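Me: I'm new to this one and would like to know what the labels rest on. Can we go through them one at a time?

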Amino acid sequence: LPLSDYVGRYTDPLLGDVDVAMGPGGNGLRLRYGAAFDGPLEHWNFDTFRANWDAKWRGSALASFVLDPSGQASELRLMGATFKRPEKQP
């Protein structure tokens with residue numbers, strides 16, 4: 001997918017929101033989960049990226065996007081949780 005197709009908010013009613021945005025200057029993607037987890041996404045394999053947190057001591061995490069039958073990113077799996085993209089309103 002083009003990187004812009006991953007951009008958006010993914011949510012879990014208990015765990016909150018994960019925001020995926022284009023990086024500075026339109027280079028790559030950035031992921032933000034709460035106030036503590038923020039950093040660039042590095043492509044790893046297919047629809048999976050490695051989140052390299054700005055707070056280096058946090059290490060990194062894999063972020064896997066799940067595509068729906070139409071080929072759109074509908075879920076994000078991150079740190080053992082699944083965040084869903086809200087359905088677009090007509």
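Me: What makes S5 and S6 a pair, and which way do they run?

Reply: Two strands pair if DSSP finds at least two bridges between them. Five bridges join S5 to S6, so they qualify, and they run antiparallel. Strands here are DSSP E runs of at least two residues, numbered from the N terminus. By the way, this is a predicted model, where local features need pLDDT of at least 70, side-chain atom pairs count only at pLDDT 80 or more, and totals for chains, interfaces and linings use all residues. Numbering starts from 1 along each chain as its sequence is written, and side-chain values use heavy atoms, with hydrogens and water left out.

Me: And what joins S6 to S7?

Reply: Five bridges again, with the strands antiparallel. Ala63 has Leu78 in S7 as its bridge partner. S6 and S7 form a hairpin with five residues between them, and Gly71 in that turn has a positive phi of about 90 degrees.

Me: Why is Asp38 called buried, but Arg32 partly exposed?

Reply: Buried means under 20% relative accessible area, exposed over 50%, and partly exposed in between (1.4 Å probe, protein chains only). Asp38 comes in at 18%, so it's buried. Arg32 has 43%, so it's partly exposed.

Me: How do you know that Asp38 and Arg32 form a salt bridge?

Reply: The rule asks for a side-chain nitrogen of Lys or Arg within 4 Å of a carboxyl oxygen of Asp or Glu. For Asp38 and Arg32 the N to O distance is 2.7 Å, so the pair counts.

Me: Which residues does Glu75 meet in salt bridges?

Reply: Arg77, at 3.6 Å from N to O, and Lys84, at 3.0 Å. Glu75 itself has 14% relative accessibility, so it counts as buried. Lys84, at 48%, is partly exposed. The structure holds seven salt bridges.

Me: What makes something a nonpolar core, and how many residues does the largest one have here?

Reply: A core is a set of buried Ala, Val, Leu, Ile, Met, Phe, Trp, Tyr and Cys residues joined through side-chain atoms within 4.5 Å. The largest has 20 residues, and Leu41 and Phe65 are among those with the most contacts inside it. Strands S2 (16-22) and S4 (37-45) are among those that each supply at least two of its residues.

Me: What does Leu41 touch?

Reply: Taking contact as heavy atoms within 4.5 Å, and not counting residues up to four places away in sequence, its neighbours include Val20, Leu31, Phe49 and Phe65.

How values were computed:
Helices (H or I, at least four residues) and strands (E, at least two) are DSSP runs, numbered from the N terminus.
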